[in-house]
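Notebook open, viewer open. I'm going through this one from the whole chain down to single residues, jotting as I go.

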Amino acid sequence: MTFTLKTSREMLITQPRLTLPAPDTHKYLRGHAMVISGPVLKTGASRLCAQAALAVGAGLVTILGDRPALCEQAAHVTAIMLREKDATLSAIDDRVRAIAVGPGAGADDSLRLLVLQLLALKKPVLLDADALTVFSDGNIQLFNAISEDVVMTPHLGEFARLFPDIATADPVAAAVEAARRSGSVVLLKGTHSVIAAPTGRFAINRHSSPWLATAGSGDILSGMVCGLLAQGVPAFDAAAIAAWLHGDIGIRAGAGLTADRMAEYIPLVLQGCLQEG
């Protein structure tokens, strides 16, 4: 599939355009996404992330983690692959095109080292939740390790911990400054999420719903960004398109929506972009 970001003159994200994949495509051409598992008894967030990456179009998705956590993951997933993590990250080969780390990962020193290892691979990386919080006391180390095609997806609390001196009264200005300082694309989540690039480019998503305010919703968004990155969508476009698609889930699903049902709506959302875009 090919995704095209569309915005209005006011830099509001509008419905993205989706075109069919080529007839001769296969799963590796569609992209291999990898999600780092949370520890045992805390695997749900990474599983939601992986399910969303697969549903948004990545050709295959692998959860990478320690064996006890993978035994827990295995009881819940079928189409998603599982690989055991070792010290050298040997499972992340050349076919892996994007990595998501942070959802439910546990903010400790081992995660800090893992994030730096992943960034050193120079692949597109999605950083969320604990992968941001773990650098609250040393964000320069993180920023120095960031290269092209890295996306951060903080909510306001995570943003304040990582960028304590940036006021958020003006979310656009805050996201733009955070992106400039960090060198990454920043998706600042909120009622109207803001996506900003280090160049100063920004876009605003107002296509959303308050029904998305439920536990695990952000993990779905992270998975969608990672799935788009795995398909070769540039970082800024991946973050902006995922924000719109995520909002469309909330609008279409409405009351009673929970995160463990959100991935079921992604095909419907994509079909809308294919037919209506």
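This is a predicted model: local features need pLDDT of at least 70, side-chain atom pairs count only at pLDDT 80 or more; totals for chains, interfaces and linings use all residues.

**Whole chain**

What share of the contacts in the protein chain with a separation of 6 or more comes from residues 24 or more positions apart? I get 66% for the protein chain.

I went through the secondary structure next and listed 11 helices and 11 strands. The radius of gyration came out at 17 Å, close to the 19 Å that the globule rule gives for 277 residues, so I'm calling the chain as compact as a globular protein of that length. Along the principal axes, the C-alpha atoms fill a box of roughly 50 × 45 × 35 Å.

Then burial and surface. I count 53% of the 277 residues as buried. The chain exposes about 11700 Å², with carbon and sulfur atoms supplying 54% of that. For charge, I have 23 positive and 25 negative side chains, and the centres of the two sets lie 4 Å apart.

**Helix α10**

I checked the length of α10, residues 235-253. Its 19 residues should span 27 Å at 1.5 Å a residue, and I find the end C-alpha atoms 27 Å apart, which agrees. Gly254 follows the helix with a positive phi, near 70°.

Trp244 has a relative accessible area of 5%, which is under the 20% cut-off, so I have it down as buried. Leaving out neighbours within four places in sequence, I list its contacts as Ile13, Thr14, Gln15, Pro16, Asn205, His207 and Cys273. Asn205 sits 39 residues away along the chain, yet I get 6.2 Å between its C-alpha atom and that of Trp244.

**Helix α4**

Same length check on α4, residues 109-120. The 12 residues should span 16 Å and the end C-alpha atoms are 17 Å apart, which agrees. Which residues of α4 are buried? I wrote down Leu111, Arg112, Leu114, Val115, Leu116, Leu118 and Leu119. Residues three or four places apart in an α-helix point the same way, because there are 3.6 residues a turn.

What do those buried residues of α4 pack against? My list has the strands β3 (32-36), β6 (96-101), β7 (125-127) and β8 (150-152), plus the helices α5 (130-133) and α6 (139-145). After α4 comes Lys122, whose phi is positive, near 60°.

**Helix α2**

One more helix length: α2, residues 44-55, has 12 residues that should span 16 Å, and I get 17 Å between the end C-alpha atoms, which agrees. Buried in α2 I have Ala45, Ser46, Arg47, Leu48, Cys49, Ala50, Ala52 and Ala53. Just after α2, Gly57 takes a positive phi of about 125°.

Ala178 is in helix α8 (residues 171-182). Buried or exposed? Its relative accessibility is 0%, so Ala178 counts as buried. Beyond four places in sequence, I find Ala178 in contact with Phe159, Phe163, Ile166 and Val186. For one of these, Ile166, I took the C-alpha separation from Ala178: 7.7 Å, at 12 residues apart along the chain.

Gly218 belongs to helix α9 (residues 217-230). At 23% relative accessible area, I have Gly218 as partly exposed. Not counting residues up to four places away in sequence, Gly218 touches Asp128 and Lys189. I also noted Ala259, 41 residues from Gly218 along the chain, with 8.6 Å between the C-alpha atoms.

Met11 has a phi near 65° and lies in the loop between β1 (2-7) and β2 (13-19). I have Met11 as partly exposed, at 26% relative accessibility. Ala129 has a phi near 50° and is in the loop between β7 and α5. Ala129 is buried, with a relative accessible area of 13%.

Technical notes:
Residues are numbered from 1 along each chain as its sequence is written. Side-chain values use heavy atoms; hydrogens and water are left out. Helices (H or I, at least four residues) and strands (E, at least two) are DSSP runs, numbered from the N terminus. The expected span of a helix is 1.5 Å times one less than its number of residues. The radius of gyration is taken over C-alpha atoms; the globule rule is 2.2 Å times the number of residues to the power 0.38. Buried means under 20% relative accessible area, exposed over 50%, partly exposed in between (1.4 Å probe, protein chains only). Contact means heavy atoms within 4.5 Å. Accessible areas come from the Shrake-Rupley method with a 1.4 Å probe; for residues, only the protein chains shown count as cover. Lys and Arg count as positive and Asp and Glu as negative; His and the chain ends are not counted. The place of a charge is taken as NZ of Lys, CZ of Arg, CG of Asp or CD of Glu.
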